Amino acid sequence: MVGAITAGNSCILKPSELAPKCAELMKTLVPKYLDPECYHVITGGPEETAELLKEEFDYIFYTGSTRVGQIVREAANKHLTPVTLELGGKSPVYIDNSVNLDVACKRLLWGKCINAGQTCVAPDYLMCSRELQEKLIPVMKQTLKEYYGEDPKNSPDFGRILNKKHFNRLLSLMKKGTIVIGGDHDESTNYIAPTVITNVQPTDPIMQEEIFGPIFPIITVESPEDAIDIINSKDKPLTLNVYSKKNSIVRKFLDNTSSGSVCVNDSIVNLSIDALPFGGVGKSGLGAYHGRYSFDTFSHKKAVLVRNYAMIGEKLGEARYPPYSPTKEKYLRKLLKRRPNLLPQHMDYIAVFFGGFLAAVILKVILHFAGVKYF
């Protein structure tokens with residue numbers, strides 16, 4: 001919304017009905033600080049959203065699930081309205097034995113447990129060798145203990161699941177595999193402990209949809225190539241996390257996978273760098289934003305050409321007018337050719353050099369006529 005305002009637009013904000021307290025807060029704060037003639041907040045559920053999407057907008061930006069993103073895109077198509085869709089998906093993690101496990105686990109579990117895993121770029125599932133898995137589990141246990149104490153349920157720093165529907169959905173995903181960390185839950189508060197599951201197969205239910213919760217399945221692989229095959233067998237993720245000190249391994253994932261973004265040896269922090277575009281690819285999204293990219297998203301680059309009536313310009317271009325002849329055609333073809341770049345590759349450095357030289361000569365002349373002695 002900041003990007004839309006910065007680019008000079010009025011806009012309507014439709015917060016999610018799944019977080020009603022946040023929606024009401026937005027509805028209270030926005031008209032308090034922004035001109036209500038230009039900026040509106042509309043609350044409500046699917047019915048209000050459907051009515052809103054019937055209107056003809058200049059641009060629609062949506063962040064949320066892929067399923068609703070498809071609905072938004074379909075509605076926008078009726079008016080040929082451009083869209084940016086920031087969706088989600090199963091953001092994978094690959095980790096090898098070259099990393100510092102203590103640091104890697106801190107970064108990885110921090111990213112997984114923010115908002116109890118309910119963020120669009122949360123690490124979704126982890127792939128590593130079986131030998132590394134055995135080393136990882138005790139380090140993960142220790143890291144979670146440092147973060148949230150003996151019982152995360154009593155920690156003020158660990159969140160809860162948004163609602164009962166998602167709470168029950170997450171519990172159903174925990175039925176296959178072996179729970180080696182966590183697994184505790186409390187329906188009365190929608191609490192699910194940070195949970196790590198091993199013996200997970202790519203065909204298990206937990207691997208068929210975005211988890212969006214504090215459950216971390218581990219899949220053992222024999223090689224980076226096996227991990228790449230698993231990634232490429234699924235929809236393109238919003239982000240990919242690679243933990244490795246080996247440039248060759250990192251390069252292998254960069255060259256052989258497709259994702260909205262990549263974060264190497266960390267998680268989520270790539271979102272905080274406003275010089276980087278953020279967005280998905282395929283079913284994880286369409287378009288990009290953040291920083292300058294938000295301004296560009298909500299702007300239209302309009303080309304404007306203004307000509308005068310100078311006769312020399314008209315004379316040079318009159319070959320475009322009928323009647324045509326082979327001579328005119330030959331002349332026009334020359335005009336339409338792409339102009340070669342006649343400047344040397346390092347012309348900017350050359351310009352600086354000669355500019356400095358010229359400035360020195362001019363300064364010397366001024367000092368000479370002013371009678372100033374110099375060395």
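Modeller: Let's start with a term: a residue is buried under 20% relative accessible area, exposed over 50%, and partly exposed in between, using a 1.4 Å probe and protein chains only. What you have is a predicted model, where local features need pLDDT of at least 70 and side-chain atom pairs count only at pLDDT 80 or more, while totals for chains, interfaces and linings use all residues. Residues are numbered from 1 along each chain as its sequence is written, and side-chain values use heavy atoms, with hydrogens and water left out.

His290 sits in the loop between β14 (285–286) and α10 (292–297). Those labels come from DSSP runs numbered from the N terminus: helices are H or I with at least four residues, strands are E with at least two. His290 has a positive phi of about 100°, even though it is not a glycine. With a relative accessibility of 18%, His290 counts as buried. Its contacts, meaning heavy atoms within 4.5 Å, include Leu271, Asp274, Leu276 and Phe278, once neighbours within four places in sequence are set aside. The C-alpha atom of His290 is also 8.8 Å from that of Ser272, 18 residues away along the chain.

Thr6 belongs to helix α1 (residues 2–6), and at 52% relative accessibility Thr6 is exposed.

Now for Ser261, which is in strand β13 (residues 261–264). Ser261 is buried, at 12% relative accessibility. Not counting residues up to four places away in sequence, Ser261 touches Leu238, Thr239, Leu240, Asn270 and Gly279.

On to a pair of helices. Two packed helices are described by the angle between their axes and the distance between the axes. The axes are lines fitted to C-alpha atoms, over the stretch in contact for helices, and angles run from 0 to 180 degrees between N-to-C directions. Helix α8 (residues 224–232) packs against helix α9 (residues 247–256) at about 25°, with the axes 11 Å apart. That makes α8 roughly parallel to α9; the word covers angles under 35 degrees, with over 145 being roughly antiparallel, 65 to 115 roughly perpendicular and the rest oblique. From α8, Pro224, Glu225, Ala227, Ile228, Ile231 and Asn232 meet Ile249, Lys252, Phe253 and Asn256 of α9. By type, the residues of this contact are six nonpolar, two polar and two charged. Nonpolar covers Ala, Val, Leu, Ile, Met, Phe, Trp, Tyr, Cys and Pro; charged covers Asp, Glu, Lys and Arg; the others, Gly among them, are polar.

Asn115 has a positive phi of about 55° without being a glycine, and its place is the loop between α5 (101–113) and β6 (125–128). Asn115 is partly exposed, at 46%. Elsewhere, Pro322 and Pro323 are joined by a cis peptide bond with omega of about -5°, and Pro323 is in the loop between α11 (311–317) and α12 (326–336).
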